[in-house]
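Subject: Structure handover

Hi,

Here is the structure I promised to pass on to you.

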Amino acid sequence: MAPALHRLEAIPSTQDVLHELAAAGAPGGTAVVAREQTLGRGSRGRGWASPPGGLWLSVLLRPGAEPGLEVLSLRAALAAALVIEHGTPGVVLGLKWPNDLMLAGKKLGGILCEARWQGNRLGWIAVGVGVNVVNPIAPALASHAVALASVAPAATVEALVVPMVQGLSGVEGRTGQLTPDEIARFAARDWLRGRRLREPMPGTADGVGADGALRLRKDDGDMAEIRAGTVRLADG
């Protein structure tokens, strides 16, 4: 029997519901999708506006081996980008390290990976994806956020749900660092590469390493590797 896909109405967070299901023994591949999230969250605990019309989805992973947690959000973003492009021909997405989906220079969506441990053993991972599809973008966010329907008017949330569950579930079996193929596929979508940054430190983005770190060429020519933190462009 295939893992369950739980379709809910308005809930605080698909991530929280999925963690509850996982704690109760739900198998890998179980997914939760909501019409609306009232307390959606992004990376570093930031709030995530999740009104009706967007894809608000979480998928449970129970990897049998070390899944490369430090690169999981990049792998999930690669999978999510392919799903969206296959479902909306003509759309081309970029990826902004470490977890943003970019469309026409604006944020279309994001990835959130949350691991839970049972003692010293990895219990499970909830991989959440939020994508603006046909939902309105709040005026305060319009300068840097975009909905898929703005370039693909025929796009629907329902058409993306099952393919996205399948795409994210497929990440479960990949282990260790990024492969050369994955690095190349990320490089082809790398929205930051060549851009000047002011945070987390001044320099020019220069791709990602096999360990998922952002490579940053500093003004003195030295290379830094960034593994966490907020990225801000030098031009705002």
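Below is what turned up, going from the whole chain down to single residues.

One thing to keep in mind from the start: this is a predicted model.

Overall build

The chain has four helices and 12 strands. Its radius of gyration is 17 Å, close to the 18 Å that the globule rule gives for 236 residues, so the chain is as compact as a globular protein of that length. Along the principal axes, the C-alpha atoms fill a box of roughly 55 × 45 × 30 Å. Buried residues make up 48% of the 236 in the chain. If you take the contacts between residues at least 6 apart in sequence, 62% of them join residues at least 24 apart.

The cores

The largest nonpolar core holds 55 residues, and L55, L57, W97, M164 and L192 have the most contacts inside it. Helix α2, residues 69-87, gives the most to this core, with 11 residues. Beyond its neighbours up to four places away in sequence, M164 touches L55, L57, A80, V83, I84 and V129. There is also a second, separate core of 10 residues, with L18, A26, V32 and L60 among them.

Rings and charges

How many aromatic pairs does the structure hold? The count is zero. A ring does take part in another kind of arrangement, though: the charged end of R195 sits over the ring of W191, 3.9 Å from its centre.

Loops to look at

Is N132 buried or exposed? With a relative accessible area of 8%, N132 is under the 20% cut-off and therefore counts as buried. N132 lies in the loop between β7 (121-131) and α3 (157-169). Leaving aside neighbours within four places in sequence, N132 is in contact with W56, K107, L108, I137, A145, V146, A147 and L148.

A24 belongs to another loop, the one between α1 (14-23) and β2 (31-37). Its relative accessible area is 70%, over the 50% cut-off, so A24 is exposed. From A24 to T156 there are 132 residues in sequence and 32 Å in space, C-alpha to C-alpha.

A104 is found in the loop between β5 and β6 (106-118). Its phi is near 55°, a positive value in a residue other than glycine. A104 also counts as exposed, at 67% relative accessibility.

Cis peptide bonds

Where are cis bonds found in the backbone? P98 has its place in the loop between β4 (94-96) and β5 (100-103), while W97 is one of the residues with the most contacts inside the largest nonpolar core. Another cis bond runs from E199 to P200, with omega near 10°. P200 is in the loop between β8 (196-199) and β9 (203-208).

That is everything from my side. Enjoy looking through it!

Best wishes

Notes: Residues numbered from 1 in each chain as written. Predicted model: local features only at pLDDT ≥ 70, side-chain atom pairs only at ≥ 80, totals over all residues. Heavy atoms only, no water. Core = buried A, V, L, I, M, F, W, Y, C linked by side-chain atoms within 4.5 Å. Buried < 20%, exposed > 50% of the residue type's maximum accessible area, 1.4 Å probe, protein only. Helix = DSSP H or I, 4+ residues; strand = E, 2+ residues; numbered from the N terminus. Contact = heavy atoms within 4.5 Å. Phe/Tyr/Trp six-rings, centres within 6.5 Å; stacked < 30°, edge-to-face > 60°. Lys NZ or Arg CZ within 6 Å of the ring centre and 35° of its normal. Rg over C-alpha atoms; globule rule 2.2 N^0.38 Å.
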